[in-house]
Amino acid sequence: MVLKAFFPTCCASADSGLLVGRWVPEQSSAVVLAVVHFPFIPIQVKELLAQVQQASQVGVTVLGTWCHRRQEPEESLGHFLEGLGAIFSHKPWFQLCRERGSKSWSCKATHWQGPTSHAASGEDQVMLIFYDQRKVLLSQLHPPAVLPDRQAGDTTASAGGLAAVFDTVARSEALFQSDRFDEGPVRLSHWQSEGVEASILVELAKWAAGPVCLLLACLLSLVSAASACRVFKLWPLSFIWSKLSTCEQLRHRLEQLTLIFSTRKAKNPAQLMRKANMLVSVLLDVALGLMLLSWLHRKDLIGQLADALIPVADHVAKELQHLLQWLMGAPAGLKMNRALDQVLGRFFLYHIHLWISYIHLMSPFIERILWHVGLSACLGLTVALSILSDIIALLTFHIYCFYVYGARLYCLKIHGLSSLWRLFRGKKWNVLRQRVDSCSYDLDQLFIGTLLFTILVFLLPTTALYYLVFTLLRLLVVTVQGLIHLLVDLINSLPLYSLGLRLCRPYRLAAGVKFRVLEHETGRPLRLLMQINPLPYSRVVHTYRLPTCGCHPKHSWGSLCRKLFFGELIYPWRQRGDKQD
Amino acid sequence: MEDEQSFSDIYGGRLALQRRCYSPSCLEFCLSCPRITLRSLTAVTCTVWLAAYGLFTLCENSMILSAAIFITLLGLLGYLHFVKIDHETLLIIDSLGIQMTSSYASGKESTTFIEMGEVKDVVINEAIYMQKVIYYLCILLKDPVEPHGISQVVPLFQSAKPRLDCLIEVYRSCQDILAHQRATSTSP
């Protein structure tokens, strides 16, 4: 039966003493946490262990003896060490021995039967596994992704083993508080025995974080109370706020900041990572926004943009007019119904004329508006991009209107056609039973129905062509807006802190462990080195990505094509489940 | 205790199987894949550069030649770091687990460790691969919910793809250790 002993690498050069740690009987492995040096008083050692056990809920006991001598241990030392085994009784009792300056280790594990039957005590093979205590303490194991039809709780039972080792080391912080220079009754050797290490900046930041968080939390609660006041809930304003993606983004950022600066401590490491990721994301956002602002102001781009905006809007309107003239003629050689063509074309031309007048009305104020909007970039690059997306939506509002008119007309025509086609064949749609039933029509009903059907069929190409052209334009605008939203989502959801941690401190995020066999001599126990296997980058992003607004297109390609064919309106951005006609 | 044998993979290339026995309970198999040859490297580089020179004579833009050099260099680095596996190692430690390491030609190593508590068995399986039927060695993992079920099949030596004779060698040694582990785990 092979026993496993996990031994910290920092104790490999420590002086002789007692081994202190935890025995895990299910894995038949012993996790050594520290070495207690001579001289010590057994009562005090037991008191210390009881204290640690109470503080950390980990069953810390004396596991055996550790001997680090220049030559083979003498007989007297051997009896002394065995005598210790009688005081601190533990099954099995480990005796690790190492010659100073050499790589040969020896270890035995004995089951202490009693003071008389020394010869009958069984000895087991021991496998030594070295681990870096500091890294194992700081790292966090990420078990492999559970299968979709299993709950996460089922796998914890079988994930014992190494998770138990990590858990033991992580929870035994109380044991590592005292270092070599303390004047306590018991001298311990562990990873912090050279002196507890800490950073002044980190300690100062922790100390200052309390009042700063309190102040910022008050400010943020004021802001959110102001934004939730009744004035903004009135109908026109609430409708506008729900449509603009800028407001969505600002709300999202406000929520994130409230979470970061809340005075409640994070309950588990996942929440702490989430807070850190959010903070880094917000800081990067603001930094990129400030860079954008400085670039805009340096080249005076705002003035140039304002000057170029009106001519561009005019140019777009002129292009639309040319398009409509083309449609009113013989587009692509197709022959349209002249009367309907003229009616639709004139209607849309008048709409464009209204739009151009509106733009010209706004032109004196454009530069001021753009300047103020440019200032908002200091709230973050995502806010600036959302504003850009909203400006595009506002400037192409007439394309949206044309799309709605064309789609409604086409939709009406298609419904009329399908209903009259059923009449043509002598059938009817039964609303009660939601199916098509046969029906006997009167002669005059059939006559008028067939007439209307013929009219609608012959007018179909015209309407369909207008619908097609305006839908394509609308889809183009939607694609551009979609790309901007994609970029905003990327900045919002990328877990930069976790990625940075994976890059600089790969042992903190562990996917598992890996073993390496150290130099082996026959007759000596097997020695392995346990190292931490870091999480791959794709899993880091997948595990720690931040939740975003969730404004993703909800349709699949099939339903999109179906909606396009039947002329139903497409709303690619459903924000928070609001409904609109 | 170390010994080395030579086998062949499914395409006929030469593989070297190195077996190291550290102790009765710890065994390591190292399978080395055929190396990248100078001939294939030269062939690929010449093809890319000839194509770039052909484009250059058409377009008269010298950026194409620099781009071709960049692409060749980056492609070679990417191939050595992400694609070409130099050797694969299987380490079995009784009562601890099974570890598979793939070492790439650039020195990068990617390791997976499976604890012994999750391993149900190690078997040789048949599979249809392109137009062939090949044998491969795989580890069957236990299902946490169902005691006799299998939750996952993990194939070993996926890029070396040795033939059956090599697999039988590895299989026999693995089964020795697994049998020993099962015998000792049932006894207290």
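This is a predicted model: local features need pLDDT of at least 70, side-chain atom pairs count only at pLDDT 80 or more; totals for chains, interfaces and linings use all residues.
Residues are numbered from 1 along each chain as its sequence is written, chains are lettered from A and ligands numbered from 1 in the order in which they are written, and side-chain values use heavy atoms, with hydrogens and water left out.

**View 1. Chain B, from end to end.** Chain B has three helices and nine strands; here helices (H or I, at least four residues) and strands (E, at least two) are DSSP runs, numbered from the N terminus. Starting at that terminus, the order is β-β-β-α-α-β-β-β-β-β-β-α. Chain B is more spread out than a compact globule, because its radius of gyration is 22 Å, well over the 16 Å that the globule rule gives for 188 residues. (That radius is taken over C-alpha atoms, and the rule is 2.2 Å times the number of residues to the power 0.38.) Along the principal axes, the C-alpha atoms fill a box of roughly 80 × 40 × 30 Å.

**View 2. Two annotated spans in chain B.** An unreviewed UniProt entry puts the annotation "transmembrane region" on residues 36-56 and 62-82 of chain B. UniProt positions are given in the numbering used here, feature names are shortened, and annotations may be inferred rather than shown by experiment. Residues 36-56 of chain B are 90% helix and 0% strand, with end C-alpha atoms 30 Å apart. For residues 62-82 of chain B, the figures are 95% helix and 0% strand, and the end C-alpha atoms lie 30 Å apart.

View 3. Find B:Thr89 in strand 4 of chain B, which covers residues 85-93. B:Thr89 counts as buried because its relative accessibility is 13%; buried means under 20% relative accessible area, exposed over 50%, and partly exposed in between (1.4 Å probe, protein chains only). Skip residues up to four places away in sequence, and B:Thr89 touches B:Glu28, B:Phe29, B:Cys30, B:Gln99, B:Met100 and B:Thr101. Contact here means heavy atoms within 4.5 Å.

**View 4. A:Val469 in a helix of chain A.** Over in chain A, there are 17 helices and 13 strands. A:Val469 sits in helix 14, residues 443-493. With a relative accessible area of 14%, A:Val469 is buried. Leaving aside neighbours within four places in sequence, A:Val469 is in contact with A:Leu323 and A:Leu327. What separates the C-alpha atoms of A:Val469 and A:Leu63, 406 residues apart along the chain? The gap between those two atoms is 81 Å.

**View 5. A:Gln44, in helix 1 of chain A.** A:Gln44 belongs to helix 1, residues 42-56 of chain A. Buried or partly exposed? A:Gln44 is partly exposed, as its relative accessible area is 26%. Not counting residues up to four places away in sequence, A:Gln44 touches A:Pro185 and A:Val186.
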